[in-house]
Amino acid sequence: MMSKQDDGGPAFPVHDLSGYGIGPLSSADGLRYEVFGMSLRDWFAGRVLSAFDVGMSSATPEDLAHHAFRIADAMLDARKAES
């Protein structure tokens, strides 16, 4: 069984909206957030991928995606080291 990849949590968390009929989730920092959409890891990888000049690359799409997530993981590691 593969261990869960640290995804950095939600990319765009929204503070507790329970008054609007949406149940909140608690996070490690003690604040309550709603989780919508992509993780921070996915958002970082997408931003990295958008910087690649895909049309000029001889890499396969799979190689580009793998590289984007490796950079996203490095960004998450650097983010942890700064806190």
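## Ser 39 and its surroundings

Let's start with a polar contact (a pair of N or O atoms within 3.5 Å, one able to donate a hydrogen and the other to accept it; residues adjacent in sequence count only if both atoms are side-chain atoms): the side chain of Ser 39 lies 3.1 Å from the backbone nitrogen of Asp 42. This is a predicted model, where local features need pLDDT of at least 70, side-chain atom pairs count only at pLDDT 80 or more, and totals for chains, interfaces and linings use all residues. Residues are numbered from 1 along each chain as its sequence is written, and side-chain values use heavy atoms, with hydrogens and water left out.

Ser 39 sits in the loop between β3 and α1. Its relative accessibility is 9%, so Ser 39 counts as buried (under 20% relative accessible area, with exposed over 50% and partly exposed in between; 1.4 Å probe, protein chains only). Leaving out residues up to four places away in sequence, Ser 39 touches Asp 7, Gly 9, Pro 10 and Ala 11, where contact means heavy atoms within 4.5 Å.

Met 38 counts as partly exposed because its relative accessibility is 39%.

Together with Phe 12 and Trp 43, Met 38 makes a nonpolar surface patch of about 300 Å². Patch residues have over 30% relative accessible area and no salt bridge, and nonpolar side chains are joined within 5 Å. A salt bridge is a side-chain nitrogen of Lys or Arg within 4 Å of a carboxyl oxygen of Asp or Glu.

Methods
Patches are made of residues with over 30% relative accessible area and no salt bridge: like charges are joined within 9 Å, nonpolar side chains (Val, Leu, Ile, Met, Phe, Trp, Tyr) within 5 Å. Accessible areas come from the Shrake-Rupley method with a 1.4 Å probe; for residues, only the protein chains shown count as cover. Helices (H or I, at least four residues) and strands (E, at least two) are DSSP runs, numbered from the N terminus.
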